[in-house]
Amino acid sequence: MNKEKKIFALNIISNEDKSKHKGFGAGSIDLNSMSPVILDGDEAYIDIGAMHAKSKVEKGIKFSMNRDDVPNGRQVWIVWVAVDRSPEGQFYGGLTACEMWIDTEARRGWKILADHVNRMDYALKRKVLLEGLSPEQKQLLKKLLLDTNEQWWERSPEHVKAALED
């Protein structure tokens, strides 16, 4: 008896009209509108590697879920930034911050991966969750968003702008 095994392929999500796609994986999350921003000290930058936990600060780091395993770490944030579109154009729609602690010298780090995944999802759902960020970190993030695309900032909802005014 020769049973053929059914092999599932991953769907490639593109910028094509998704209303035409009705097959397996329809309704899949499109991450093309998501960007991870790293806040590390007085530096803010976009690092797409963070989408797969391979940002510059995460490479070569062994992560633990126990914060006590990283006593000499520095606080680093990933901010998930979701860009949305309206008839007027694109805008910043969701912002969520996730904390990590990194000890580059010891090659150890702390983060809760489930929190990072949930926060990414919240940003995609256009939520704004920035608790834990200092006023200076919020200003770094705001400057990066403005420098990246000032028109997107201008079209962003007032609650997004207000979240970065602290």
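Modeller: Before we start, helices here are DSSP runs of H or I with at least four residues, strands are DSSP runs of E with at least two, and both are numbered from the N terminus. This is a predicted model, so local features need pLDDT of at least 70 and side-chain atom pairs count only at pLDDT 80 or more, while totals for chains, interfaces and linings use all residues. Residues are numbered from 1 along each chain as its sequence is written, and side-chain values use heavy atoms, with hydrogens and water left out.

Colleague: Fine. What pattern does the protein follow along the sequence?

Modeller: The protein has four helices and seven strands. Read in sequence order, they give β-β-β-β-β-β-α-β-α-α-α.

Colleague: Which residue stands opposite Val-37 in β2?

Modeller: Strands β1 (residues 34–40) and β2 (residues 43–46) run antiparallel and are joined by four bridges; two strands pair if DSSP finds at least two bridges between them. They make a hairpin with two residues between them, and Gly-41 in the turn has a positive phi of about 65°. Across from Val-37 you'll find Ile-46.

Colleague: Is Glu-58 buried or exposed?

Modeller: Glu-58 lies in the loop between β2 and β3 (62–64). Its relative accessible area is 3%, and the cut-offs are under 20% for buried, over 50% for exposed and partly exposed in between (1.4 Å probe, protein chains only). So Glu-58 is buried.

Colleague: Which side chain joins that of Glu-58 in a polar contact of 2.7 Å?

Modeller: Glu-58 touches several residues beyond four places in sequence, including Phe-63, Ile-78 and Lys-111 (contact means heavy atoms within 4.5 Å). A polar contact is a pair of N or O atoms within 3.5 Å; within protein, one must be able to donate a hydrogen and the other to accept it, and residues adjacent in sequence count only if both atoms are side-chain atoms. The partner at 2.7 Å is Ser-55.

Colleague: How many residues apart in sequence are the parts tied together by Tyr-92 and Trp-152?

Modeller: Rings of Phe, Tyr and Trp (its six-membered ring) pair if their centres lie within 6.5 Å; planes under 30 degrees apart count as stacked, over 60 as edge-to-face and the rest as tilted. Tyr-92 and Trp-152 sit 5.7 Å centre to centre with 75° between the planes, making them edge-to-face. Tyr-92 is also buried, at 2% relative accessibility. Tyr-92 is in β5 and Trp-152 in α3 (residues 150–155), so the sequence separation of the linked parts is 60 residues.

Colleague: What is the phi of Ala-53?

Modeller: Most residues other than glycine have a negative phi. Ala-53, in the loop between β2 and β3, is partly exposed at 33% relative accessible area. Though not a glycine, Ala-53 has a positive phi of about 55°.
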